[in-house]
Amino acid sequence: RTKTMADLAERSFDKASKYAADPKFVQVPTNQQKLMIYGLYKQALEGDCKRSRPGLFDQVGRAKHDAWMQCQGCSKGEASERYVKLIAEIDPGFAPVQPEAAGPTPTANEAADDESPVRAGGESSGEAAAAAAATTAVATAAATM
C-alpha cells in the first residue's frame, strides 16, 4: 500500500497525540509549552476557535482559550505539522512516522488491528492529555501568582 504524505502526516499527528497522552511526557513540557500543545491540538482538529472567552474567574479556561486563539488562521494541516514538531522539540525521544520502505502489503486483518486514538466517549487520548496538561499548567501558574 502506498503511503501518501497526507496519510503520513495524519499518522504522525495520531502518534504525537498518543505520545503526549503518556503521563511521563506530561511532566516534561513547561506550562507555556503545554498551552501551545493544547492550542495546536484544538486547531488541528477543529480549526479556528468560535467559542467565546471564558469569564474572569475561569483562569484555566481563559488560558486554554487564549492558547487556541493564538493559532487563529492556521490551517488544520499546518497546525498538525506544528504540533508534531513541537512534541519532537520538547522530547527528542519522539519520532514522527517515517515513510516505509517498500514491503509487503498488510492484510485486511492487520489493517483492522491498527489502534484508533479516539476513546469510546469520542474524546481522543491526545485531547484529554492536552486538556489535562493545560489545566495543570494554568492551575500551577495561578497558584504561584
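This is a predicted model: local features need pLDDT of at least 70, side-chain atom pairs count only at pLDDT 80 or more; totals for chains, interfaces and linings use all residues.
**Helices, a crossing and some cysteines**

The protein has 7 helices and 0 strands.

Q: What makes the contact between α3 and α5?
A: Contact needs heavy atoms within 4.5 Å. On the α3 side, the residues include Met36, Ile37, Leu40 and Tyr41; on the α5 side, Ala79, Tyr83, Leu86 and Ile87 are among them. The residues of this contact divide into 11 nonpolar, 3 polar and 3 charged.

Q: Why is Cys49 called buried?
A: Buried means under 20% relative accessible area. Cys49 has 8%, so the word applies.

Q: How do you know that Cys74 is in no disulfide?
A: A disulfide calls for two cysteine sulfur atoms within 2.5 Å. For Cys74, the nearest cysteine sulfur belongs to Cys71 and is 6.2 Å away. A search of the whole structure likewise finds 0 disulfides.

Q: Is Cys74 buried or exposed, and what makes it so?
A: Cys74 has a relative accessible area of 9%, and the cut-off for buried is under 20%, so Cys74 is buried. Of the 145 residues of the protein, 37% count as buried.

Conventions: Residues are numbered from 1 along each chain as its sequence is written. Side-chain values use heavy atoms; hydrogens and water are left out. Helices (H or I, at least four residues) and strands (E, at least two) are DSSP runs, numbered from the N terminus. Ala, Val, Leu, Ile, Met, Phe, Trp, Tyr, Cys and Pro count as nonpolar, Asp, Glu, Lys and Arg as charged, and the others, Gly among them, as polar. Buried means under 20% relative accessible area, exposed over 50%, partly exposed in between (1.4 Å probe, protein chains only).
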